[in-house]
Amino acid sequence: PVVLGVESSCDETGFGIVSEGMLLGQGLASSAAQHAEFGGVVPEIAARAHLEAAVPTLRIALADAGVEAGDITHVAATSGPGLATAVHVGLAAAKSVAWALDVPLYGVHHLAGHAAADTLEHGPLPERSIVLIVSGGHTSILAVGDLVRDPIEHLGDTLDDAAGEAFDKVSRLLGLGYPGGPAISRAAVDGDPGAFTFPRALLRPGDAPFTFSFSGLKTAVARTVEKLERAGDPVPVADIAASFEQAVVDVLVTKALRAVREQDLDTLVIVGGVAANARLRAVAQERCDAAGIALRIPPPRLCTDNGAMIAAVGDLLVRGGADPSGLRIAADPSAVLHGAQLPLPR
Ligand code: ATP
Ligand code: MG
Ligand code: FE
């Protein structure tokens, strides 16, 4: 199979082409700059940007892969979760391509896409592993087997903000802009991660072992900034950014490693936009090495949203013999994660 993947759930328009687990090429456009002045993604602007970027970005992906449109044998598209207006545009584009080429269409769960991104770099996932998804809208610990055949087991989620959302909110209150993850990361390079001791939620014995909470951390950073400003003291942005980052990373890695141990597994996979974070990558590597756990994290450009990860799921579905979704599939903006494919319309 030569599978075209289409991603449009947030502010990235992504097309990727995957064959037999190999990434042949991709095209990626982002409307992030258009949302910057609003401090977050504006759904209507994102949808319009997807509409404008779709055809040029598809052309880039085809050229990058060195394939003709007629070589595509299957199309896969994010059908949820995501911003409804944004998902609709990419799904409609995918339907058009599938109809024009007369090839099958597969609706893909966006989070399964994040998990599958790693297979493009490191090959098939082991029989069973713990996947930590850390992105703009999700923070979950999953037990994952075969992405096509097995249901995905949710061990824990966040009670409030997602990790990426915490980065975005703290960035805004430090005046560092949107998207917050890369901005905080840059600011933190010159900071002391031990300068401030910010709270690590739900790490005490008796707390839900795989549940996260980041809203208290965000509030603690806000209080710290307010107190400094009230006293007329300068705000040490680099130290605050580094200390905040350290607190997030500490909780993420501690709970993910606990899940690997409790499930008696030996592989941790970290995916999603926040997995691009250098401190998270370094701390996770250090603690996995010490614990004898194999760590897999895709390269940063495959951590944030892209079309290649959706094509990777499509390729797995095709080779696993899954039924296509058909052209009637609807967007499911709040899709729950059961498996890689969204249920067929009834
Ligand atoms: P979801 O996948 O949950 O639907 P999303 O698709 O918007 O959400 P992603 O594209 O996976 O999320 O990730 C975007 C998030 O990742 C943003 O919150 C962004 O701030 C964060 N992020 C990106 N790069 C970094 C980084 N280097 N460090 C920390 N966070 C980062
Ligand atoms: Mg984005
Ligand atoms: Fe995402």
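Modeller: An unreviewed UniProt entry assigns the feature "binding site" to I133, V134, S135, G136, G137, D168, G181 and N277. Such UniProt positions are given in the numbering used here, with shortened feature names, and the annotations may be inferred rather than shown by experiment. The model is predicted, so local features need pLDDT of at least 70 and side-chain atom pairs count only at pLDDT 80 or more, whereas totals for chains, interfaces and linings use all residues. Residues are numbered from 1 along each chain as its sequence is written, and chains are lettered from A and ligands numbered from 1 in the order in which they are written.

Two of these positions can be examined in detail. S135 sits in the loop that links strand 6 (129-134) to strand 7 (139-144), and G137 belongs to the loop between strand 6 and strand 7 as well. Helices (H or I, at least four residues) and strands (E, at least two) are DSSP runs, numbered from the N terminus. S135 is buried, because 24 other C-beta atoms lie within 10 Å. G137, by contrast, is partly exposed, because its C-beta neighbours inside 10 Å number 19. The cut-offs are 20 or more other C-beta atoms within 10 Å for a buried residue, 12 or fewer for an exposed one, and the range in between for a partly exposed one, with C-beta atoms placed from the backbone. Apart from residues up to four places away in sequence, S135 touches H114, A162, G164, G272, G273 and V274; contact requires the C-beta atoms of two residues, placed from the backbone, to lie within 7 Å.

H110 is part of helix 4 (residues 110-122) and is buried, because it has 27 C-beta neighbours inside 10 Å. Beyond residues up to four places away in sequence, H110 touches S9, T78, G80, P81 and G82. Two of these contacts, G80 and P81, are joined by a cis peptide bond with an omega of about -10°, and P81 is located in the loop between strand 4 (74-80) and helix 3 (84-101).

D305 occupies the loop between helix 10 (300-303) and helix 11 (307-319). D305 is buried, because 27 other C-beta atoms lie within 10 Å. Once neighbours within four places in sequence are set aside, its contacts are E7, S9, C10, E12 and G14.

Helix 4 itself deserves attention. Of its 13 residues, 11 are buried, and the helix is mostly covered; H110, A112, H114 and D118 are among the buried ones. Just after helix 4, G123 has a positive phi of about 85°.

Two packed helices are described by the angle between their axes and the distance between the axes. The axes of helix 4 and helix 11 come within 7 Å and cross at roughly 85°, which means that helix 4 is roughly perpendicular to helix 11. The axes are lines fitted to C-alpha atoms over the stretch in contact, and angles run from 0 to 180 degrees between N-to-C directions. Angles of 65 to 115 degrees count as roughly perpendicular, under 35 as roughly parallel, over 145 as roughly antiparallel and the rest as oblique. Helix 4 contributes A112, G113, H114, A116, A117, T119 and L120 to the contact, and helix 11 contributes A308, M309, I310, A312, V313 and L316. The contact of helix 4 with helix 11 has 10 nonpolar and 3 polar residues, with no charged residues.

Conventions: Ala, Val, Leu, Ile, Met, Phe, Trp, Tyr, Cys and Pro count as nonpolar, Asp, Glu, Lys and Arg as charged, and the others, Gly among them, as polar.
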